[in-house]
Amino acid sequence: MRRVTQGCLFLGIFLAILAIGLLAALLLAADGQLYDKAQAVLLRLQLSNRTSELNAPFGSDANPIRFQIPLGSSAGAIATALAEAGLIRDVSLFVDYARLEGYDRRFEAGVYFLNQRQSIRQIAEILIDSSKSFIPLRTLEGARIEELAELIDRNGLFGFSGADFLLMVDEGALIPPDFAAWANIPPGASLEGFMFPDTYQLPPDISAEGLRDLLLRMFQDRIGNDLREKAMAQNLTPHQVVTLASIIEREAVWRDEHPMIASVYRNRLDIGMKLEADPTVQYGIQGARGSWWPPITRADYYDVQSPYNTYLYGGLPPGPIASPGLSAIQAAVNPAESGFYFFRAACDNSHYHNFAVTFEEHVANAC
């Protein structure tokens, strides 16, 4: 009887050891899945009472905040950076939620644009796909490169400053040789006039040099070789065309007047008459009066000492004074046929102009 009892005991021990071994083997074979599932259950229980915190935004500011995830960042490092940026309150809550939903293994390095109105749930979901991030930028017709630099600073989403951008495009900057040759830009000149105005969706990691190159490619694509060749056939380089177009752009409010205003200036150039364009005087002031385009007086026509002042100097100014749009550039190459040499603003506040052949007619058009 005693031997039977001992045999049963040994058998029970053997079966227990075998069961433990089989359980261990199952756990190893499952590669920790049972453990992960158990941990997920615990996390879900812990977070079930924190739903309101997961759905609550940090604040009410909807302005986008540039947020970058470096390569190899852990969920904890990302959560800490989010808290430091004022986007989440609870680092541990973010990490636990990311682990529960599997986001911690899917967070993608890159640049994102977040805001305080987004919750932990929303932010975690956003941070798994950086391809959806972009910087919106609308560059305006008739703007100087300094105004574009100010726009970059106001935008707040770029990884560089307006000053950094000016180093790429202002006088003395190293202009891409291929573009300089294509546009006949004189040595040492700026890229004023060639920052093609349009609406852009830019990659979030774009650099100042990258933005310059993108704007130049857009200019070259939109102008095309046909318009360039037509200008060259009229003994006008692309640089000269853009210079004239920039004046047309600043003078006109309505695009349908571009060809007629262009005809006035082309007529003046043909007979060696000074352009006498007010925007060139404004450009020559160089922002010294607190505005890039300040009101001017008749005295300024001769008091503003600048090579851009077309009341003092004949021909075209040394270069463009702003970025013209496609309409103004086309008008500079394809002006209307007219005998006009003068124009001034109409008296009906329509922002259109009255045109005249003689100076006497021009005076008679005064309000």
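Tutor: Let us start with burial: a residue is called buried when its relative accessible area is under 20%, exposed when that area is over 50%, and partly exposed in between. Please keep in mind that this is a predicted model.

Student: What secondary structure does the protein chain have?

Tutor: The protein chain has 16 helices and six strands. Among contacts between residues at least 6 apart in sequence, 63% join residues at least 24 apart.

Student: How many aromatic pairs does a search of the whole structure find?

Tutor: The search finds 18 aromatic pairs. Ring planes under 30 degrees apart count as stacked, and those over 60 as edge-to-face. The rings of phenylalanine 94 and phenylalanine 107 have planes at 15° and centres 5.8 Å apart, so this pair is stacked. The pair links distant parts of the chain, since phenylalanine 94 lies in helix H5 (residues 91–101) while phenylalanine 107 lies in the loop between H5 and strand S2 (110–114), 13 residues apart. Phenylalanine 107 is buried as well, because its relative accessible area is 14%.

In contrast to that stacked pair, phenylalanine 196 and phenylalanine 219 are edge-to-face, with 70° between the planes and 6.3 Å centre to centre. Phenylalanine 196 sits in the loop between helix H9 (177–183) and strand S4 (199–202), and phenylalanine 219 in helix H10 (residues 208–233), 23 residues apart. Both belong to one aromatic cluster, which also includes Phe179, Trp182 and Phe194.

Student: Which cysteines does a disulfide join?

Tutor: A disulfide joins cysteine 347 to cysteine 367, with an S to S distance of 2.1 Å. The angle about the S-S bond is -105°, and the link is left-handed. Cysteine 347 is in the loop between strand S5 (342–345) and strand S6 (353–356), whereas cysteine 367 is in the segment after helix H16 (359–364), 20 residues apart.

Student: Are these cysteines buried, exposed or partly exposed?

Tutor: Cysteine 347, with a relative accessible area of 43%, is partly exposed, whereas cysteine 367 counts as exposed because its relative accessibility is 76%.

Student: Where is there a nonpolar patch on the surface?

Tutor: Val41, Leu42 and Leu45 form a nonpolar patch there, with about 300 Å² of accessible area together. Leucine 42 is found in helix H2 (residues 33–47), and with a relative accessible area of 51% leucine 42 is exposed.

Note on methods: Residues are numbered from 1 along each chain as its sequence is written. This is a predicted model: local features need pLDDT of at least 70, side-chain atom pairs count only at pLDDT 80 or more; totals for chains, interfaces and linings use all residues. Side-chain values use heavy atoms; hydrogens and water are left out. Patches are made of residues with over 30% relative accessible area and no salt bridge: like charges are joined within 9 Å, nonpolar side chains (Val, Leu, Ile, Met, Phe, Trp, Tyr) within 5 Å. Accessible areas come from the Shrake-Rupley method with a 1.4 Å probe; for residues, only the protein chains shown count as cover. A salt bridge is a side-chain nitrogen of Lys or Arg within 4 Å of a carboxyl oxygen of Asp or Glu. Helices (H or I, at least four residues) and strands (E, at least two) are DSSP runs, numbered from the N terminus. Buried means under 20% relative accessible area, exposed over 50%, partly exposed in between (1.4 Å probe, protein chains only). Contact means heavy atoms within 4.5 Å. A disulfide is a pair of cysteine sulfur atoms within 2.5 Å. Rings of Phe, Tyr and Trp (its six-membered ring) pair if their centres lie within 6.5 Å; planes under 30 degrees apart count as stacked, over 60 as edge-to-face and the rest as tilted.
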